[in-house]
Amino acid sequence: MKSLHTDSSHVFLFFIKRKESAVKLRLSVLCVPISNTQILSTYDRLGHLDFVALGRRGEMENPAIQACSLNKVFKTKIGLWKIKSKSTTAVEDISFEVERGELFGLLGPNGAGKTTTVKMLTTLLLPTRGTAKILGLDVIEQTAEVRKHIGFAFSGSRGLYNRLTAIQNLNYFAELYALEPKVTKKRIPELLELVGLNGRGDDRVETYSSGMVQRLHLARALLHEPEVLFLDEPTVGIDPVGSRELRQTIKNLISLKKTILLTTHYMAEAEELCNRIAIVNHGKIVVMDTPASLKKRVSGDSVIEAEVQSAKAPILLDTLRGLDGRSMVKLDHSAEPEKLCIRTAEPEKVLELLSPFLNPDYILGMEVRHQTLEDVYITIIQGEKE
Ligand SMILES: Nc1ncnc2c1ncn2[C@@H]1O[C@H](COP(=O)(O)OP(=O)(O)OP(=O)(O)O)[C@@H](O)[C@H]1O
Ligand SMILES: [Mg+2]
């Protein structure tokens with residue numbers, strides 16, 4: 001039973017099924033990936049459940065991605081006359097596992113170490129220390145084998161030939177992957193359709209918008225039908241409609257049983273797509289869990305944002321001292337007008353305390369909402385700064 005409290009990738013469902021006589025009870029145990037816990041509600045609807053307990057299992061049996069104490073230290077030279085060497089620890093002791101068919105997200109501020117981690121997992125960078133395996137294959141010892149099973153797409157136009165058309169690019173990479181010409185001929189139109197570039201295959205990449213370049217990157221990554229995909233900021237620079245379509249494409253890939261690791265700065269995207277998320281800061285994983293569990297972790301369950309007159313902000317801050325110790329009150333000076341952000345489990349009390357000030361001399365506007373993943377992210381990253 002000791003393995004019940006570790007990793008959050010699988011859950012055990014214990015349930016007691018009542019036989020008609022009500023005397024005979026049968027204990028059943030089911031082990032399912034966390035992404036499939038909706039079966040719980042199905043059982044519930046059928047009225048079969050008398051008792052349910054959830055437990056978590058330790059190691060995954062056969063993970064698609066395993067990162068074990070990955071470290072990366074970059075050594076660079078600085079200075080013109082007096083050249084010194086500088087070390088940057090980009091990744092420090094990062095460990096995680098991604099289950100087959102899971103969509104796992106890496107979030108974190110600029111420079112946190114996300115791309116460096118992805119580059120080590122995709123055999124593009126050698127770790128300074130630590131190991132990683134893809135489908136059980138070692139990224140250092142079995143590099144060539146690993147590359148057959150992975151696809152990756154990094155943001156930006158690097159990795160594509162701008163003077164060539166999309167189809168010429170895809171043909172070129174298909175040859176590099178040693179795909180049979182017959183297979184290539186069939187797959188390229190399918191992929192252009194999948195990523196929404198139908199009809200643009202004969203245009204040169206230099207005439208593409210940044211969103212179209214991103215889509216072509218994804219098509220290139222899928223050419224050799226890899227089981228594991230690494231997408232570094234796949235929707236960056238794509239308009240809202242386009243990024244919704246691309247998110248749908250990513251969901252379709254999951255239904256095709258691909259395993260995906262993606263990095264993103266868009267919290268709504270992470271919340272919509274990812275089974276689990278790791279938040280990385282200063283090269284380390286700060287938290288790792290499902291989006292729903294992450295939202296429960298941060299104290300308070302409501303967020304109140306009030307636009308305030310700057311001169312009156314100190315009075316309002318003073319008034320809010322009446323809240324319980326778990327509530328968090330922050331004044332955002334950079335917002336115009338200044339914004340009071342209150343994270344609390346007692347929103348009614350906030351409204352009661354602020355009610356004498358609900359006029360434009362003090363408060364210009366107020367909104368009460370539930371916590372989003374973005375609130376959780378900001379709380380965690382700001383907490384790290386303090
Ligand atoms: N080739 C390199 N040489 C030296 N330092 C590097 C190199 N690549 C990355 N770094 C440093 O490693 C750290 C992590 O960078 P990385 O690109 O992994 O961050 P990131 O989380 O992907 O950030 P972003 O969200 O901006 O893409 C940064 O401090 C960066 O300056
Ligand atoms: Mg990056």
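Okay, the core. The largest nonpolar core here has 65 residues, and Leu-121, Ala-219 and Leu-261 have the most contacts inside it. By nonpolar core I mean buried Ala, Val, Leu, Ile, Met, Phe, Trp, Tyr and Cys residues joined through C-beta atoms within 7 Å. Buried means that 20 or more other C-beta atoms lie within 10 Å of a residue's own, with C-beta atoms placed from the backbone. Helix H6, residues 210–222, gives this core its largest share, 7 residues. Apart from that core there's another one, of 9 residues, including Val-303 and Ile-304.

A quick word on what we're looking at. This is a predicted model, where local features need pLDDT of at least 70, side-chain atom pairs count only at pLDDT 80 or more, and totals for chains, interfaces and linings use all residues. Residues are numbered from 1 along each chain as its sequence is written, while chains are lettered from A and ligands numbered from 1 in the order in which they are written.

So what does Leu-261 touch, leaving aside neighbours within four places in sequence? Ile-65, Val-98, Phe-104, Leu-106, Val-118 and Phe-230. Contact here means C-beta atoms, placed from the backbone, within 7 Å.

Zooming out, the chain has 12 helices and 17 strands. Those are DSSP runs numbered from the N terminus: H or I of at least four residues for helices, E of at least two for strands. Of the 386 residues, 31% are buried.

Now the sheet. Six strands make an open, mixed sheet, in the order S9-S10-S11-S6-S12-S13; strands pair if DSSP finds at least two bridges between them. S9 and S13 are at the edges with a single partner strand each, so one side of each has no neighbour in the sheet. The twist averages 15° from one strand to the next. H6 packs on this sheet, touching S9 and S10, and its direction makes about 165° with that of S9. For those angles, axes are lines fitted to C-alpha atoms, for helices over the stretch in contact, and angles run from 0 to 180 degrees between N-to-C directions.

Elsewhere, S14 and S17 run antiparallel, joined by 7 bridges. How many of the 8 residues in S17 are buried? The count is 0, so to speak a strand that is hardly covered.

Last stop, ligand 1. Among the residues around it are Phe-74, Lys-114 and Thr-115. Helix H2, residues 114–121, supplies the largest share of that shell, 3 residues.

Conventions. A residue is near a molecule or strand if its C-beta atom, placed from the backbone, lies within 6 Å of it. A residue is buried if 20 or more other C-beta atoms lie within 10 Å of its own, exposed if 12 or fewer, and partly exposed in between; C-beta atoms are placed from the backbone. Two residues are in contact if their C-beta atoms, placed from the backbone, lie within 7 Å.
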